[in-house]
Amino acid sequence: MHVLPYLTAAYIFLTGCYGLATSRNLIHAVGCLAVCQSATYVLLLAVGYRDGGTAPVFSDMKPGSRPVVDPVVQALTLTDIVVGATVTALLLALVLQIAKRHGTIDPDELRELRG
């Protein structure tokens, strides 16, 4: 089993986390959160990958004669992409409302939101 896709997913995730921790801009923070979530795409596809695997269509071959790729992992990856796009759009809409109401997107200047 190859380790490179897992290391790539970890690198992408840590890069997004670093950007999220050092961000002084809410739009930049949303972008870094989207980068963190893109690491899950790489991780899911790495889990479902098989060397020499084909699509799981058994009309032209007997089951078990060739390795096939797991379609559940691919479906989960597509679902993750849709959910990630939805969450990113919702967070950007919230940042837009914060910018309209408070006049800033710097989290340190949002004194009214502190408890």
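Tutor: Helices (H or I, at least four residues) are DSSP runs, numbered from the N terminus. The expected span of a helix is 1.5 Å times one less than its number of residues. This is a predicted model, where local features need pLDDT of at least 70, side-chain atom pairs count only at pLDDT 80 or more, and totals for chains, interfaces and linings use all residues. Residues are numbered from 1 along each chain as its sequence is written, and side-chain values use heavy atoms, with hydrogens and water left out.

Student: Okay, how many residues does α2 have, and what does it span?
Tutor: Helix α2 covers residues 26–48, which is 23 residues. From first C-alpha to last it reaches 34 Å, close to the expected 33 Å.

Student: Which residues of α2 are buried?
Tutor: Buried means under 20% relative accessible area, exposed over 50%, and partly exposed in between (1.4 Å probe, protein chains only). In α2 the buried ones include L26, A29, V30 and C36. Their cover includes α1 (4–21) and α3 (71–102).

Student: What about disulfides: how many are there?
Tutor: A disulfide is a pair of cysteine sulfur atoms within 2.5 Å. The whole structure has zero. For C17, the nearest cysteine sulfur is that of C36, 3.8 Å away.

Student: Are C17 and C36 buried or partly exposed?
Tutor: C17 is partly exposed, at 28% relative accessible area, while C36 is buried, at 7%.

Key:
Helices (H or I, at least four residues) and strands (E, at least two) are DSSP runs, numbered from the N terminus. Contact means heavy atoms within 4.5 Å.
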